Structure formats: structure tokens, C-alpha cells
Amino acid sequence: MSKLRLSRKVCIIILICCAALVGAYKLFLSGMLADSELMKSLIASDDYRAPILDTLIMDGIGAVVFVCMTLYMGFRVMNPLQKPIGKSLLFLLPSLAVAINNFPLIGLFTGNAYVTDPVGGVLILIAYCLAIGMFEEFAFRGLFYLMILDGRRKTKKQIFWTTAVCCAVFGLVHLVNLFIGANPGATLLQVGYSFLIGGMCSIVLLKTANIWYCVLLHTVYDLGGTILYLGGGKRWDTVTVIITAVLGVAVAVFMVISLLRIKPEEIERLFPQKHPEPQAEAKNE
């Protein structure tokens, strides 16, 4: 799969089909699905039902587009069995701990936080978070970041600053939420943690050459942050804040050190192999 590339014609056909699906959904299906009795039985809150469905459908279609664009560009990041698997999984563990810690674990165990919606609602929320994870990881890490990095990876310094700037852009993009009525304070907080999560996923991609790990981290992190959409209760307590702060600082230091140690030749495997141009045939004297 890492060597698979799509032709321009195939990409254009997929883009047209995705645009048609988006139009059909927005014109005919959006309101009908959100107001259906089935959806009301699965997701109790009127405030979350429509946004979850809209994001699930729109980001899911967007994910298909950017998966195809990543394949078209030839970036070699989609092989789920990219070796060395054991070393990659070991490197993934600190980041996975951060993602899992975003769940209100203590609240769920003590009963101070709870999920009341049925299993079907939880499955829809998982699909919603997966759609966001795939869309954002393939758009930013699989395409935007690698396109910029491809021209700026000759030295460790270039790799470091390219990663930092791309992650800052990823964070700042979330300011668009202000234009759809999001709370300014919550949006600024989202910009901050998006920068950090973006940096973590970027470094995981560089070290493992496997974008599916990034999708996993993003999905788990978002699921932990949204699980109380289907219930309620207290997310933060003193112990949770302390654990989050200590874990966040420790993993941030680990990631920065890992990024500083990455050598240009280590990330060559992410990019399409460039074959030398054939030499012109010698002319007969």
C-alpha cells in the first residue's frame, strides 16, 4: 500500500463524487436524519445530535478526499505494517497515554461523570471522532505537513522549525470556530492543545512512518474529550488536573528531544523515491 499512487483522472472522479455527496446530504438528508426517531433514541441531547451527524458526514467525506490526495502525492505513510512494528509501538505508548488521559477516567470510575445514552449513541460518537481524526490527520499530517517538509528537510534545524510552524498553523486553523459561534475562551484553549496534539502526531509520523497511529491518537483523544456529550457530570478534579499536567509536561519534553534527534536520512522513507533522469544516449561520432 505504501507504493500505491492514484492517477489524476481517478482523483478528479473521486472529488466530483464527494462533492455530489456533500450537496445531496446538505440539501436532502441533514435535517431529516437529525430529527429522525432513530437518532433521537440514540443521542438524547438536541444540542449535540445535529452537529455530531454533520461533522461525521462532512469530515468523513473530506477524509476520503485527503486519503486520495495523499496517495496521489505518493507519500509512503499508509502501510499499517510498516517496520519496525515493535519499536514503533513502543514509541507510541507515551502519546497514547496522553490520549487516554483525556477521558474523565476518575469521574467515570467514581460516578461523578456518567454516560447515559445507549451503545448506539456511543458508536456514533466513535465514528464522529474517527471521521475528525482521519480528516485532520490526512489533511494536515498526510498532505500539508509532508508537502512543506519535502522541501525543508536537509538539516535537523529545518525539520524542527518546519514541524513547529506547521503545528502552529494546525492550531491557528481552529480559530475558524469563532465564526460559527464558538466560545472565545474555549476556542483559544482548543488552539493551544491542537498545537500540542499536532506536534505529538507529527513526531509520531516522523518516527514511525505510519499515519494510522496518528489517526488512532487523534480519535482516542477526541473521544475522551467528547464522551460526556452523551451524559454529564464533572470532568475535572484535583487529581486529574495534576496527572494531566505532569503527564503533559513529561511527554512534551520526550517529544521535543525526539524531534531534535531526528536526522534527515531517517525520514527519507516518507517521501516518494526520486529516480534519476535517464542520461542521454551518447551520440555516434
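Trainee: Where is the place of Q82, in terms of the loop and helices around it?

Mentor: In this model, which is predicted, Q82 lies in the loop that runs between α3 (46-73) and α4 (85-101).

Trainee: And is Q82 buried or exposed?

Mentor: Q82 counts as buried, because its relative accessible area is 17%, and the limit for buried is under 20%.

Trainee: Which residues is Q82 in contact with, leaving aside its neighbours within four places in sequence?

Mentor: With those neighbours set aside, Q82 is in contact with T208, A209 and R269. For T208, the separation along the chain is 126 residues, while the C-alpha atoms of Q82 and T208 are separated by 7.5 Å.

Trainee: Switching to the surface, which residues gather in the patch of positive charge?

Mentor: That surface patch brings together K87, K156, K207, R261 and K263.

Trainee: Take R261, then: which helix is it found in, and is R261 buried or exposed?

Mentor: R261 belongs to helix α10, which covers residues 238-261, and R261 is exposed, since its relative accessible area comes to 62%, where exposed requires over 50%.

Trainee: Where does M32 have its place, and why does M32 count as exposed?

Mentor: M32 sits in helix α1, which spans residues 8-34, and M32 counts as exposed because its relative accessible area is 51%, with the cut-off for exposed set at over 50%.

Technical notes. Residues are numbered from 1 along each chain as its sequence is written. This is a predicted model: local features need pLDDT of at least 70, side-chain atom pairs count only at pLDDT 80 or more; totals for chains, interfaces and linings use all residues. Side-chain values use heavy atoms; hydrogens and water are left out. Patches are made of residues with over 30% relative accessible area and no salt bridge: like charges are joined within 9 Å, nonpolar side chains (Val, Leu, Ile, Met, Phe, Trp, Tyr) within 5 Å. Accessible areas come from the Shrake-Rupley method with a 1.4 Å probe; for residues, only the protein chains shown count as cover. A salt bridge is a side-chain nitrogen of Lys or Arg within 4 Å of a carboxyl oxygen of Asp or Glu. Lys and Arg count as positive and Asp and Glu as negative; His and the chain ends are not counted. The place of a charge is taken as NZ of Lys, CZ of Arg, CG of Asp or CD of Glu. Helices (H or I, at least four residues) and strands (E, at least two) are DSSP runs, numbered from the N terminus. Buried means under 20% relative accessible area, exposed over 50%, partly exposed in between (1.4 Å probe, protein chains only). Contact means heavy atoms within 4.5 Å.
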